[in-house]
Amino acid sequence: MKNAPAAEQPNPTPAGATPVQPATGHEHPPDSPLSIHDMTVAYQRKPVLWDVDLDIPEGKLIGIVGPNGAGKSTLIKACLDLIPKASGLVSVYGKPYRRQRKLVGYVPQRESVDWDFPVSALDVVTMGRYGKIGWCMPVTRAHKQAAMTALDRVGIADLASRQISQLSGGQQQRVFLARALAQDARLYFMDEPFAAVDAATEKAIVAILQQLKTSGKTALVVHHDLHTVPEYFDWVIFLNMRVVAFGPTREVFTQENLHKTYGGKLTLLDQAAQALVIAERGGS
Amino acid sequence: MKKAHAINRRGGAHRLGACALAAAALFTAPTPAWARTTQSITDTRVAWPTLSDLISVITLQGYNTRLVVLSTAMLGLAAGVIGSFLLLRKRSLMGDVLSHATLPGIAAAFMVMVAWGGGGKSLPGLLAGATVFALLGVGCVQLMDRHTRLKDDTAMGIVLSVYFGLGIALMGIVQSMPGGNKAGLESFIYGKTASMVFNDFVLIAGVACACSAVCLTFFKEFKLLCFDDGFAQSQGWPVHTLDLLMLILVTCVTVIGLQAVGLILVIALLITPPAAARFWTEDLRKLMAVSAVVGALSGWLGASVSALVPRMPAGAIIVIVAAALFVLSMVFGTARGVLVRARRRRRLDRRIARQHLLRAMFELNEQAPASHTGQTTTQRDASVTFRQLLAARSWNTRALKRLLNRARRAELIQPTPAGAYTLTEQGAAEAARHVRNHRLWEIYLITRADIAPNHVDRDADEVEHVLGTDMVAQLEQLVKLPLPKRAVPASPHG
């Protein structure tokens with residue numbers, strides 16, 4: 001399965017996942033925006049994601065849903081090499097992620113940084129251009145302009161010079177989104193961009209996602225509000241330490257899959273993971 | 001310490017006076033005019049010689065003073081620049097580990113140099129040893145972090161104390177070793193400027209300049225690293241290498257600070273200036289500049305005071321000056337200082353009180369029998385007495401008087417010939433807006449959040465002042481009043 005060409009088998013279905021039909025008549029390009037092959041991720045020996053095997057279709061908005069501790073952020077971070085993988089391969093547009101960083105944009109969780117940091121909104125958005133600017137080179141006017149455009153797209157250009165602690169939660173989230181837009185990527189990873197934002201910001205983010213989709217870009221978005229999933233996302237990944245289901249929203253967004261993903265009890269996977277840790281600590 | 005480069009060599013009482021004067025003078029930029037005025041209130045015998053000493057120190061006339069003061073100022077500058085990033089990366093304690101870990105390095109370097117047949121007191125050699133051990137100490141912390149389940153503050157505490165203990169033990173061995181000139185080796189613990197020579201100055205100034213230059217070169221990268229290392233890593237920046245580079249810079253500054261400030265106090269020079277600078281600005285570039293100035297000033301003034309007064313170790317005075325500058329910044333800082341924040345708070349309190357006054361007048365007018373027009377917005381001509389207002393809210397007589405005076409000056413209310421008050425046109429408009437916001441929030445709480453009507457008034461009292469236009473717009477949509485736009489609804493709780 002690891003070497004199966006994506007063109008022939010667009011949706012390899014790992015054990016336990018609901019079988020998914022390929023999107024009607026749609027052929028995936030051989031270099032899918034993101035292919036994850038048999039990836040397992042562990043924190044200090046404790047597996048948090050088991051055998052993830054996915055091929056993400058191009059030009060779609062993909063929601064990642066699952067309960068707390070399901071490994072949603074972990075999936076993103078492992079794809080971005082922010083945490084080590086116990087096993088598996090990730091390729092972006094047919095090549096290893098390491099060589100394709102310029103094609104990837106990232107919106108981390110808002111709480112992951114200290115918003116008391118002495119920088120302005122524009123400064124943060126400009127950071128999205130640093131990869132293009134390169135080592136030790138100064139930020140040119142053109143890059144500042146690009147950052148300004150990105151701020152304008154999320155609707156807060158007037159707050160460019162505001163220190164970031166003086167922004168509301170929704171505005172801070174928009175700053176992060178603008179920074180990813182400034183990266184000018186083709187594949188976007190967004191970690192809970194809708195968490196604790198106001199209605200206006202939610203609307204702005206949805207509009208941006210639609211714009212990204214229309215221009216042929218792909219976005220994977222960790223999402224927690226199940227009600228809006230069918231409205232916002234074309235495809236869904238149901239995640240609970242493994243891929244429970246993956247496919248077009250109208251096909252996989254079913255009561256059965258929701259139940260499988262959110263079914264209250266400790267899954268055997270989690271029990272096994274904890275047993276591994278306890279054994280490691282000498283308590284077997 | 002006996003051969004200190006003291007310029008003032010008079011009696012103890014004179015020294016004491018000189019010290020006080022010097023400290024005062026250093027903070028107030030002395031001028032000849034200032035000197036003449038103090039002359040009249042102070043003992044002349046103390047003031048004159050001290051002042052000339054002071055001037056000669058401050059203007060760097062003595063050769064030795066010049067070396068020491070310039071060295072410590074350069075050190076302070078570099079520490080201020082690099083300390084900014086250390087503080088923002090939240091690695092301040094790592095600086096402490098670094099500095100304490102240098103002690104065994106100094107002793108070990110001395111031993112090695114003696115064993116190779118040298119005198120053992122070559123400064124570059126000692127500092128090289130210090131650098132190696134400082135980096136070893138950091139390496140130990142990171143190893144423990146990675147391979148044990150200890151928290152990093154525990155790891156740092158262990159490494160810091162073990163290295164320092166090891167250093168003390170090695171120092172003991174050094175003392176009992178034959179050969180080598182080991183006098184003054186302990187001065188690295190508390191710092192000693194007296195023994196500085198020109199080559200030391202060149203070393204300190206050179207390293208300080210180089211470190212600051214590297215910091216400026218990698219400004220953008222360090223900024224990204226300190227703000228969001230995860231994002232930096234996702235973009236492919238080598239986060240670990242950048243962290244290492246930053247720690248190497250901190251090590252360099254620590255090591256050149258050993259001689260002047262000593263390994264225990266050098267951490268203060270890395271932390272205090274950026275912490276002080278944070279009160280003055282919300283911009284990283286300015287923060288770094290202010291921090292560099294605070295650091296340089298601390299070094300300059302501290303070394304000067306120490307030069308004026310024998311038995312005052314430069315390191316301690318530098319740290320005290322830095323702390324004084326920190327306190328000044330904390331109080332007077334224009335961005336986050338205590339005074340500025342108190343003023344902002346007071347302004348907000350006044351605005352809230354004014355809005356409460358306007359709302360109280362509006363609501364009293366509503367109840368007034370004179371207003372039978374039935375339209376809530378046209379009642380502004382009804383007057384309200386002081387006594388009525390006083391009963392409307394829990395404010396005291398004096399506060400209410402002040403409040404009324406301020407509102408009158410802002411032309412929101414006007415007194416009537418009968419001694420009562422009415423709202424002006426502008427005041428009535430503002431009052432209507434606040435009453436409306438207040439009631440919108442109350443209705444929202446009752447209808448949408450299921451809060452009992454007799455509880456909502458106090459909640460709305462807080463919230464009415466912070467409702468922005470878009471929040472009001474959302475409220476209007478949610479509450480869906482059966483009223484024309486801008487009209488004030490009746491109070492939902494009677």
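The legends below describe close-up views of a predicted model. Residues are numbered from 1 along each chain as its sequence is written, with chains lettered from A and ligands numbered from 1 in the order in which they are written. In this predicted model local features need pLDDT of at least 70 and side-chain atom pairs count only at pLDDT 80 or more, whereas totals for chains, interfaces and linings use all residues, and side-chain values use heavy atoms, leaving out hydrogens and water.

**View 1. An open, antiparallel sheet of four strands in chain A.** The strands, which are DSSP runs (E, at least two residues) numbered from the N terminus, follow the order E2-E1-E4-E5, and two strands pair if DSSP finds at least two bridges between them. Strand E2 (46-56) and strand E5 (95-96) of chain A each have a single partner strand, so one side of each edge strand is left without a neighbour in the sheet.

**View 2. The antiparallel pair E1(A) and E2(A).** Seven bridges join strand E1 (residues 34-43) of chain A to E2(A), and Tyr43(A) stands opposite Lys46(A) in E2(A).

**View 3. Strand E9 (residues 235-239) of chain A and its burial.** Five of its five residues are buried (under 20% relative accessible area, 1.4 Å probe, protein chains only), so strand E9(A) is largely enclosed by the rest of the structure. Trp235(A), Ile237(A) and Leu239(A) point one way from E9(A), while Val236(A) and Phe238(A) point the other way.

**View 4. The hairpin of E9(A) and E10(A).** These strands pair in the antiparallel sense over five bridges, with three residues between them, and Met241(A) in the turn has a positive phi of about 70°.

Definitions and conventions. Buried < 20%, exposed > 50% of the residue type's maximum accessible area, 1.4 Å probe, protein only.
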